[in-house]
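Subject: Structure handover

Hello,

Here is the structure you asked to look at, with its sequence. Please open it first, then read the notes below.

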Amino acid sequence: MLDFSGVVSRSDLLLAGAWLSLQLAAAAMVCGFLIAAAATVARLFAPRLAGAPVAVFVQVIRNTPLLVQAYLIYFGLPSLGLRLPAIPASVVALSIYVSAYIIEILRGGLEATGQGQVDAARALGLSRWLTLRLVISVPALAAVYPALTSQFVLLLLATSVVSTISTPELTAAANAIHGLTFRSFEVYIVIAVMYLGLAAIFRAVFAAIQGLIFPFQRRAA
C-alpha cells in the first residue's frame, strides 16, 4: 500500500531542492547564453580560423554525456590543481553543456534573417556591428525565443544529473528522503510530479512573455 506520509513530512527538503534546481538552471542559462552569444558571433562573423574551435566545441559537448562532463569538472579538475565545490562545479558543467545547444539555436536564428534586410542595411552604410545589433538581432531573437525557452525547461530537468556530484538539488533531496524512508515509489512519484509541474508552469509563463515582448509574431499568426 502506498504511504506518502514520510515524504510529505519532509516536504521542506524537496522544496529546498526544487529551489536550488531553479537557481542552478537560471544561473547556467544566463552563463550559457553569454558564452553562446560570443561564440556564435565568432563563428559567423570572425575569420574562418576563429570559428573552427567553436564548431569543435559544439560537437564535443553535444556528443558526450552531461554526466561525464560533470565528473570531469568535479572529479577531474582537482588533479590539475583546481578544486570547485559542488554547486559552482554544477553551474560550470550545466553552463558549458547548455551553451553548445544555444550556439546552434542562435546560429540558426541569425542565418534565418532575410538576406534582403542585411543587404539593405549595408546599402544604407551600416557597419557589420550595427547591422547585427539593429537589423538582425530582434527578428533573430524572436525566431529563437521558443527554442531558448524550451532549452531552459530541458536544462531544469537536466539539473537532476548533478545530484551525482553531491549537489543538494531536487533529485538529491529525493534520494536523501528515500534513504530515510525506503519508500521508493512514493518519493519518485512526488518528484516526477514536481518536475512536471515546474515544466508546465515555466512553459506557460514563457508563452505569456512571448506575447508581450514579440507581439508582432502574434499578429502575423
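Which residues in H8 meet which residues in H9? Keep in mind that the model is predicted. On the H8 side they are Leu170, Thr171, Ala174, Asn175, Ile177, His178 and Thr181. Their partners in H9 are Ser184, Val187, Tyr188, Ile191, Met194 and Tyr195. By type, the residues of this contact are eight nonpolar, five polar and no charged.

Now the geometry of the pair. Two packed helices are described by the angle between their axes and the distance between the axes. Helix H8 spans residues 170-181 and helix H9 spans residues 184-213. Their axes are 9 Å apart, and the packing angle is about 160°. The cut-off for roughly antiparallel is over 145 degrees, so H8 is roughly antiparallel to H9. The crossing of H8 and H9 is right-handed.

Next, the cores. In soluble globular proteins, nonpolar side chains tend to be buried together. In this model the largest nonpolar core has 39 residues. Leu24, Met29, Leu94, Ile102, Ile103, Leu148 and Leu155 have the most contacts inside it. At least two residues of this core come from each of H2 (11-45), H3 (48-62), H4 (66-76), H5 (86-112), H7 (128-158) and H9. H5 gives the largest share, 12 residues.

Leaving out residues up to four places away in sequence, Leu94 touches Leu24, Ala28, Leu66, Leu155, Ala158, Thr159 and Val162.

There is also a second, separate core of 11 residues, including Val7, Leu14, Leu170 and Ala173. Leu170 is also one of the H8 residues that meet H9.

Regards

Definitions and conventions. Residues numbered from 1 in each chain as written. Predicted model: local features only at pLDDT ≥ 70, side-chain atom pairs only at ≥ 80, totals over all residues. Heavy atoms only, no water. Axes fitted to C-alpha atoms, helices over the stretch in contact; angles between N-to-C directions. Helix = DSSP H or I, 4+ residues; strand = E, 2+ residues; numbered from the N terminus. Parallel < 35°, antiparallel > 145°, perpendicular 65-115°, else oblique. Left-handed = near helix turned anticlockwise from the far one by under 90°. Contact = heavy atoms within 4.5 Å. Nonpolar A, V, L, I, M, F, W, Y, C, P; charged D, E, K, R; others polar. Core = buried A, V, L, I, M, F, W, Y, C linked by side-chain atoms within 4.5 Å. Buried < 20%, exposed > 50% of the residue type's maximum accessible area, 1.4 Å probe, protein only.
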